[in-house]
Amino acid sequence: MEYNLADLFESVVDVVPDREALVYIDIPGTGAERRLTYAELDAAANRIAHHLIDSGIRPGEHVGLHLYNGIEYLQAAIGCLKARIVPVNVNYRYVEDELVYLYRDADLVGLVFETEFTDRVAAALPLSEKLRHLIRVGAGGSGPDAVNALDAVDFAEAEAGGSPERGFPKRSGDDQFIIYTGGTTGMPKGVMWRQEDLFFSGMGGGAPTGEPVKKPEELAERVAAGGAGITFFPTPPLMHGTSTLTAFIGFNFGQRVVLHRKFSPEDVLRTIEREKVSSMSLVGDAMLRPLIDALEGPMKGTDTSSMFTVSSSGAIMSDTVRRQFQALVPNVMLLNNFGSSESGFNGTATEDSGPDRGFRVRVNSRTQVVDPATHEPVAVGEVGRVAQCGHVPLGYYNDPRKTAETFFEKDGERWVLLGDMATVDEEGVVTVLSRGSQCINTGGEKVYPEEVEQALKSHPDVYDALVAGVPDAKWGHHVAAVVQLREGAVRPSLDDIQTHCRTQLAGYKIPRQLVIEESIRRSPSGKADYRWAREVAVRADG
């Protein structure tokens, strides 16, 4: 047995077959739910795996998952892994041109898609020459002519026709798993992971908060020795890698995973209470703030006593919002995790992270802040880029140039150079400043948007905010704040915002422009859309 994700999953199934593995609540149009034990999920994944093999898809070929959250997403992902087929996440917000790019760039030969997306899939298909096998999930969204024109197999039909037994060829820890980035700062890129590397970097080696397993068989041994009782609730879309990895972490523990089709704060709180959720993952203030609003309003009094952790990846929970949530749910530990599609998990923010000290992270032993030119560690207080060694990806799929820029060898180890700018202190604590591409140079001074955003969000009238640099004849760029106000708030002036920010920020970091929008644009997972913020600010300045 190797560190192969399908082998590891099956080893857990074999020791706790009757334990509940996956719960899907509020199936569209029915209000119903589905519950699968580990044995039932295993058999369901076997059926899809055999269907893919019987359809002529070979080991190493790529199948896209163009789906909302649901049992079918994880069933298809596990099925691909069982058949040594590479699952590829597809952003369900993409329109035709973006889908054509991703389908072609990822060399997809198969696609599992929501029927709701039929029109977009049909438009992209003629330009996606390698895509030869389609499986549709669900009903509605498009007319029957569009559905039939695609020559797609119904998911239920595919499942029914496949064998529930295993009987797959020997797998390897070298089998791949590809995670496409969100594309918020450019075109999405496919990060190629060996499954063994992803297991250790993205899933904590079977114990994200403890000692990683020392051999593959140890994972099931730990599950057999422990009991049930933990419920994981990944609330962001599974199409973003972090959410899928959270689900697999739950499976590696032999525990229960709960899913909703989409994020709805009131429904999330109902599920926490009913299913006794232990650990919930989300993405920053964009998800945490609506939960606060619901707890202060229509869901006041919801029993959240079962929860002991709420973790965020991809965007930080600001100090102000964390304090508000902690006042409502005092028993929960809030964790700002730091990581990426290219590195997995790097560390967790310290308790004293906040507007005054920055986003401070206690990183793992494999993470350093290095000079991007020499790849040597920077001195204390100097700005460099975050890098990680050890279990890192193979590179970017179909992009040798970007792979060469991002991955390097040093002292006999493979490293990945991330886009995050940071400093390190005497104790080894890393202060993450910003993605390098988002850094604003104003009058020769560097301003990191996240720091300004934290200050803005502490203003009593500000609900959400993004910060971008706008070209400026005098300063090169000036700092612009794009703000969404709280409901019923009095519209603040730029002077009001500047006065508030001066209590927390140096003068050169103070916003010189204020743009108030009805809502802040983010991805379905809550990640910031900085391109949109910059366009809005430039347009308003013009």
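Q: Which residues does Pro208 touch, not counting residues up to four places away in sequence?
A: In this predicted model, Pro208 lies in the loop between helix H8 (195-202) and H9. Not counting residues up to four places away in sequence, Pro208 touches Met203, Ile249 and Phe253.

Q: Does Pro208 count as buried, partly exposed or exposed, and what is its relative accessibility?
A: Buried means under 20% relative accessible area and exposed means over 50%, with partly exposed in between. Pro208 therefore counts as partly exposed, its relative accessibility being 38%.

Q: What distance separates the C-alpha atoms of Pro208 and Phe345?
A: Along the chain, Pro208 and Phe345 are 137 residues apart. In the predicted model, the separation of their C-alpha atoms is 8.9 Å.

Q: With which residues is Phe251 in contact, leaving aside its neighbours within four places in sequence?
A: Leaving aside its neighbours within four places in sequence, Phe251 is in contact with Phe9, Val12, Ala21, Tyr38, Leu41, Leu74, Ile78 and Val257.

Q: Is Glu275 buried or exposed, and what is its relative accessible area?
A: Glu275 is found in helix H11 (residues 265-275), and, leaving aside its neighbours within four places in sequence, Glu275 is in contact with Ile25, Arg35, Thr231, Arg256 and Val258. Because residues under 20% count as buried, Glu275 is buried, with a relative accessible area of 4%.

Q: Is H1 roughly parallel or roughly antiparallel to H9?
A: The axes of helix H1 (residues 5-15) and helix H9 (residues 217-225) come within 9 Å and cross at roughly 30 degrees. Since angles under 35 degrees count as roughly parallel, H1 and H9 are roughly parallel.

Q: How many nonpolar, polar and charged residues are in the contact of H1 with H9?
A: Leu8, Ser11, Val12 and Val15 in H1 meet Leu219, Ala220, Val223 and Ala224 in H9. These residues divide into seven nonpolar, one polar and no charged.

Note on methods:
Residues are numbered from 1 along each chain as its sequence is written. This is a predicted model: local features need pLDDT of at least 70, side-chain atom pairs count only at pLDDT 80 or more; totals for chains, interfaces and linings use all residues. Side-chain values use heavy atoms; hydrogens and water are left out. Contact means heavy atoms within 4.5 Å. Helices (H or I, at least four residues) and strands (E, at least two) are DSSP runs, numbered from the N terminus. Buried means under 20% relative accessible area, exposed over 50%, partly exposed in between (1.4 Å probe, protein chains only). Axes are lines fitted to C-alpha atoms, for helices over the stretch in contact, and angles run from 0 to 180 degrees between N-to-C directions. Angles under 35 degrees count as roughly parallel, over 145 as roughly antiparallel, 65 to 115 as roughly perpendicular and the rest as oblique. Ala, Val, Leu, Ile, Met, Phe, Trp, Tyr, Cys and Pro count as nonpolar, Asp, Glu, Lys and Arg as charged, and the others, Gly among them, as polar.
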